[in-house]
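Have the model open beside you as you read.

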Amino acid sequence: MSDATIHHGGDRKWTDYFTFCTDHKVIGIQYLVTSFLFYFVGGALAEVVRTELATPDPDFVSPEVYNQLFTMHGTIMIFLWIVPAGAAFANYLIPLMIGADDMAFPRLNAVAFWMQPVGGILLISSFFVGAPQAGWTSYPPLSLISGKWGEELWILCLLILGTASILGAINFVTTIFKMRIPDMDIHSMPLFCWAMLATSALILLSTPVLAAALILLSFDLMAGTAFFNPTGGGDPIVYQHLFWFYSHPAVYIMVLPFFGVISEVLPVHSRKPIFGYRAIAYSGLAISFLGLIVWAHHMFTSGTPGWLRMFFMATTMLVAVPTGIKIFSWCATLWGGKLQLNAALLFAIGFLSSFLMGGLTGVMLAAAPFDIHVHDTYFVVGHFHYVLFGGSVFALFSGVYHWYPKVTGKMYDEIWGKIHFVMTFVGFNMTFLPMHYLGMQGMNRRIALYDPQYQGINQICTWGSYILALSTLPFLVSMALGLIKGKVAGRNPWRALTLEWQTTSPPEIENFEEMPVLWAGPYEYGIDTESEDGDEDIEDMLTEVANVG
Amino acid sequence: MNIPSSITTLIAGIAITLVSLWYGQNHGLLPVAASADANDVDDLFNLMMTIATGLFLLIEGVLVICLIRFRRKKGDMTDGPSIEGNIPLEIVWTAIPTVIVFILAIYSFEIYNNMGGLDPMVSGGSQMAMHHHGGHKIDNMVAMGDTNNSQVAIGIGKSPGVGDDEPLKVNVNGLQYAWIFTYPETGIVSGDLHIPKDRRVLLNMQAADVIHAFWLPEFRIKQDVMPGQESQLSFVANREGTYPVICAELCGSYHGGMKTTMTVESPEAYDQWVQERTVAMTGGESVALNPSELSDTDFLQSYAEDMGIIENTLQQIPHAPMNMMSALKP
Ligand code: HEM
Ligand SMILES: [Cu+2]
Ligand SMILES: [Cu+2]
């Protein structure tokens, strides 16, 4: 890979993607493709789960297998899909967005990536020794008595992936602070970079705590210590505190990068500046700060005293304020714009509309008296899928469509992209909306057998999930058609203003032929260019644009 | 701003408000409420539902309008207006969620407090507390350590006030995959729970093996039941009927089967049930159900029908649950 041939527009041999390559763009794609593979595995497990739930009896799979399935589904979706997919975007985009030629520590970056397949294979191999079945939370003492080796593999996998995400975070922070082109100050940086700063801060502060909890759990499991085992005098509640000290922030680790993606997609496709740049940037930091002091809201019904529950109720509700600021600002960005309703923007609007639901039910869950009723029920399953699927996956697809021309140099297939959106949106709401009702009525989660009165609604959910599963087909078609016969994209098909669009598509191996110039703020759309001096550059730039989809 | 558009805005605002107010009361999402506390929780939920409906309609409305009104005409390459911010607007929409959140937090706190979430709820009644205060320091600390008599209990429920009747105490033992209820006053051991209407009930709960959670959907209360640590729930049922008791914390493969019922009946019917049970226990004819002489499985077997436990479940209990037997002894 040393013989960089610049005029080839950054063409890579396909074999590069299977090597220990240190180019951040290759690593970004490696992350994204790997995480998509795990998404299909996690999704397949979810379909088995939903098929089992089509009837009240545990007839499709046995209850033990059922528990393994949702444990693996949750673990894979979180640690091998959403978190690495965020890292994929960050790896690909951050150096391009700030005009750097690579990440600060390219080799460390490659190491962090290669830990993903290792962790993933370890986890999946646990199916051969009896997969873990204590849920992705793995609370002791249940996790200590339900299958030793599956549980241990689960712990190892999480330790490896946690380490990888710490390495990634160090890299992102250093890159953002040290490698921006000289005239880009921190307030003219694209919002995606802000989002990754907030995410990385959270990763660095909370992941080590998870590691500590897992190592102690591993001692209890393998060496018979009793940190968390009540039979030996240990305290299982301590594990819950340690676990959620990481895993609540982890929710923001999962969504914040995609908030960043949305802040990039909306202004470009609605041809308006992002509304409230600073408000969005700082509210991200506020979310990550608040995210650190709300963990015990997962423990409202657990071994926590009343006053503690009240403290965490208040802090949790406060998160609604910065989140609200973001949602309102995004809506105001759309308002009055000239919306180009392509798949990228449709998914972004789909994100807004479903994440809103997740946010509203989130505030309800923060209210302890109500949470006590619905904790550990399908209401919660509905809620967090609105956050994780609506809030992350929709935005992720939006980002994939938005940057597809940059990454491949071709345009994706718009028709199939739109079909993908419609099927995802319908399937998603059909699967997860009715779950709220199920939970309030009395259906608890993580059960293979349920009361027959809930069968009708469960069947709606199951059919919805089939639509959702099928919706990945048009996605793959759109991507493939783009590669095979998509129009050549040119540098900047969306006429966007952030730096990554100044280089060729796909970008040069060294990213930019010469150091890029900051000829506008990242979102200065709609400024009357003719009346101002020195802005001819922009005009030139925009007229040079090849074709618009 | 021109007049027609502000009139439209006004009408839309009124419509959204009316719909939210109506839906907040008529969503029909919750099961019946069988205690006063449950009614309080429902009021809170209705308020949240009203606010959420309003915000939902507002924001989804904005999105739909954008989708329809602001789509780009074919061939139009111009940009929208360059509006980067609007300080008064931003202040307003920061203030709105802040105010809403404060109202909800205070209201939730009120209700939580009314339900007895912050009450000390001294286990063993007030004498116990006095005993503690007068007790020797060391004893006291030991007592705190084994948490059976900790002064601030974990759970929800008012401590009995002066002049209140003694609550009906029931010991709840959760084990894979059954609930076992022991009435310390009468020695009744049962696989389902019977309580009289309108009398305070105090559940002292502990688990034998892993963490379970005791959930009464119609009462809107839930509390984890932990091994090695006691937790409590206390409530007054005000509606007769038979309600599900559900385990809400993943506790193993048959977690979904771990459920039974709670019957709320008139004081007379309840007394009669107590009578029948006591006779059954002492009468020579029926199986002598002295729990401490049976193995776990045998013991459960006799309740299997009552509790609707799947046959399989019984073979699923390999380990001797820690202190199940001691918990069963009155
Ligand atoms: C393909 C669409 C999906 C379907 C049909 C689906 C379905 C489900 C269902 C039915 C459960 C509940 C299992 C139970 O409690 O018994 C569940 C749990 C879960 N899902 Fe999904 N899900 C999907 C996508 C996702 C995504 C994209 C994520 C995260 C990014 C995710 C994260 C989780 C987590 C963390 C759990 C909890 C697992 C546990 O209880 O340990 N799911 N899912
Ligand atoms: Cu249980
Ligand atoms: Cu359970």
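1. Ground rules. This is a predicted model, in which local features need pLDDT of at least 70 and side-chain atom pairs count only at pLDDT 80 or more, while totals for chains, interfaces and linings use all residues. Residues are numbered from 1 along each chain as its sequence is written, chains are lettered from A and ligands numbered from 1 in the order in which they are written, and side-chain values use heavy atoms, with hydrogens and water left out.

2. The shell around ligand 1. There are 26 residues around ligand 1, and A:Tyr66, A:His73, A:Trp136, A:His385 and A:Arg446 come nearest (a residue counts as near if one of its heavy atoms lies within 4 Å). By class, 18 are nonpolar, five polar and three charged (nonpolar: Ala, Val, Leu, Ile, Met, Phe, Trp, Tyr, Cys and Pro; charged: Asp, Glu, Lys and Arg; polar: the others, Gly among them). Helix 2 of chain A gives the most, with eight residues (helices are DSSP runs of H or I, at least four residues, numbered from the N terminus).

3. A polar side-chain atom of A:Arg446 lies 2.7 Å from an oxygen atom of ligand 1. A:Trp136 uses its backbone instead: an N or O atom there lies 2.9 Å from an oxygen atom of the ligand.

4. The iron atom. Which residues coordinate the iron atom of ligand 1? They are A:His73 and A:His385, each through NE2, at 2.0 Å (donors are N, O and S atoms within 2.8 Å of the metal, or 3.2 Å for Na, K and Ca; water is not among the atoms, so sites may look incomplete). The pair links distant parts of the chain, with A:His73 in helix 2 and A:His385 in helix 13 of chain A, 312 residues apart. Both A:His73 and A:His385 are buried (under 20% relative accessible area with a 1.4 Å probe, protein chains only).

5. The copper ions. Ligand 3, a copper ion, is coordinated by B:Cys247 (SG), B:Glu249 (O), B:Cys251 (SG) and B:His255 (ND1), at 1.9 to 2.6 Å. Its four donor atoms subtend angles of 89 to 124 degrees, which makes the arrangement tetrahedral (all angles between 85 and 135 degrees). B:Glu249 and B:His255 are both buried. Do look at B:Cys247, which coordinates both this ion and the copper ion that is ligand 2, the two ions being 2.5 Å apart.

Methods
A polar contact is a pair of N or O atoms within 3.5 Å; within protein, one must be able to donate a hydrogen and the other to accept it, and residues adjacent in sequence count only if both atoms are side-chain atoms. Helices (H or I, at least four residues) and strands (E, at least two) are DSSP runs, numbered from the N terminus. Buried means under 20% relative accessible area, exposed over 50%, partly exposed in between (1.4 Å probe, protein chains only). Four donors count as tetrahedral if all angles lie between 85 and 135 degrees; four count as square planar and six as octahedral if opposite donors are over 155 degrees apart and all others between 65 and 115; anything else is irregular.
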